[in-house]
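Here are a few notes to go with the model, written for someone meeting it for the first time. Keep the 3D view open while you read.

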Amino acid sequence: MPQQATPQQATLQQATPQQARRTGRLRHGRQTLAIPGPSVMPDRVLAAMATPMPNIYAGELVDISDEVFERLPPLARTTSAESFVVMSNGHGPWQMAICNTMSRGDRVLVCESGHFAVAWGEMAEMAGVEVEILPGSLRAAVDPAALTERLRADTDQQIKAVLCVQTDTGTSVRNDVPALRAAIDAAEHPAMFMVDCIASLGCEPFEMDEWGVDIAVTASQKGLMVPPGLGFLWASPKAMAAYEHSDLHLSYLDWDQRTNVSAHYELYSGTPPISHLYAMREALDIIDEEGGLDAVWERHAILAGAVRAAVDAWSTPGGIECNIVDPSSRSDAVTTVLTGSIDPDRLRDICEDEAGLTLGLGIGAFDGRAFRICHMGHLNPPMLLGALGTIEAALLALDAPMGGSGVAAAAAEIGRHLVV
Ligand SMILES: *Cc1c(COP(=O)(O)O)cnc(C)c1O
């Protein structure tokens, strides 16, 4: 028997006649997107994509393509890795990582910390790789000690690669990539270390060479501020060497075909993603103009701090709270907010239909229990405070339990960083 809802729960959870009468009368400004990918695209990037098609065999496009390839290693902070560009979403470089380094029957260890590492593992499984999950928590980072313990037990070194995500976009955890590298080293295990930084590259510090990452993958539509359609992969010399022994090669994603090229378009296994290359060059210019990756990371850290201050201020026991318990494991790219007795989907609908703000929904285990605020990429205080203020207005309209004003807390946090 379902329990009788308290009157307050009833207001928070049930559709009212008012809901059917939603007017949308306040939403007629610029629509604001705060979902964790695609993120808000800079106008300059969108305009660059409207450039007419050039010749693909010579001239401007070849120059731009060469330039983008030259600027890719610094983006992952590597000087030794090979860079690859796939005309795809993030699933393309996921697949590329597996089919160029693994063989049928090889084993990979997936560090569970939410939806995405596990999904990468499922892709590997379909390709013929044995997948083992290192169980983790939906509210905390991967435990490096558990990784060391599992690898130490693998005495005949069956595990060929460790797969993890830097930021899991579902839980909003940020795993400690250097600590996981240290955990592999502590076990003196030769497995390759593969990191998905699809949600985090361009938002949080990532140091491929310094952290000993063998394969890093990302996609264009999150921190890199380019519409979905480009996947990126960086492969260390150790990963490139693994290609020689792997037997899952697929022609379109094949590293050998994409490195030993006689014509420039072979880098893409066909016609280059021309509009996306124009966009990518523009986005890289925007990053440089801001002062490079360090400045971009610092801005993200400050704005993420403001989001966390807002959520903490809204928090009540059994009500709103940050999903990730340990503040040092919270991502600077996205925040998953648990909503307790408040129906998060109703909150999102009000924000979107009435006020023009689109929030991320809770995915997987968070369906109906959380919403997500994206704070990656092209974002500044007015955009963020607008989003937080709109959420707070919707919470007030729902008469939701709230500890205090999240907007005031976020403004105070941002104020601490304004130069006067
Ligand atoms: C978005 C995301 C993906 C999937 O990327 P697609 O571009 O949708 O294929 C994978 N991993 C993480 C961490 C992500 O945030």
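1. Let's start with the whole chain, keeping in mind that this is a predicted model. Of the protein's 420 residues, 54% count as buried. The protein still exposes about 17,500 Å², and carbon and sulfur atoms supply 53% of that area.

2. Next, the fold. You can count 15 helices and 14 strands in the protein. Its radius of gyration is 22 Å, close to the 22 Å that the globule rule gives for 420 residues, so the protein is as compact as a globular protein of that length.

3. Now for who touches whom. Take the contacts with a separation of 6 or more: residues 24 or more positions apart account for 73% of them.

4. Zoom in on the ligand. Which residues surround it? The list is Asn-89, Gly-90, His-91, Trp-94, Phe-116, Thr-167, Thr-169, Asp-196, Ile-198, Ala-199, Gln-221 and Lys-222. Sorted by class, this shell has 4 nonpolar, 6 polar and 2 charged residues.

5. His-91 places a polar side-chain atom 2.5 Å from an oxygen atom of the ligand. Gln-221 also has a polar side-chain atom by a ligand oxygen, at 2.7 Å. With Asp-196, an N or O atom of the side chain sits 2.7 Å from a nitrogen atom of the ligand. As for cover, the ligand taken alone exposes 380 Å², and the protein buries 90% of that.

Note on methods: Residues are numbered from 1 along each chain as its sequence is written. This is a predicted model: local features need pLDDT of at least 70, side-chain atom pairs count only at pLDDT 80 or more; totals for chains, interfaces and linings use all residues. Side-chain values use heavy atoms; hydrogens and water are left out. A residue is near a molecule or strand if one of its heavy atoms lies within 4 Å of it. A polar contact is a pair of N or O atoms within 3.5 Å; within protein, one must be able to donate a hydrogen and the other to accept it, and residues adjacent in sequence count only if both atoms are side-chain atoms. Accessible areas come from the Shrake-Rupley method with a 1.4 Å probe; for residues, only the protein chains shown count as cover. Ala, Val, Leu, Ile, Met, Phe, Trp, Tyr, Cys and Pro count as nonpolar, Asp, Glu, Lys and Arg as charged, and the others, Gly among them, as polar. Helices (H or I, at least four residues) and strands (E, at least two) are DSSP runs, numbered from the N terminus. The radius of gyration is taken over C-alpha atoms; the globule rule is 2.2 Å times the number of residues to the power 0.38. Buried means under 20% relative accessible area, exposed over 50%, partly exposed in between (1.4 Å probe, protein chains only). Contact means heavy atoms within 4.5 Å.
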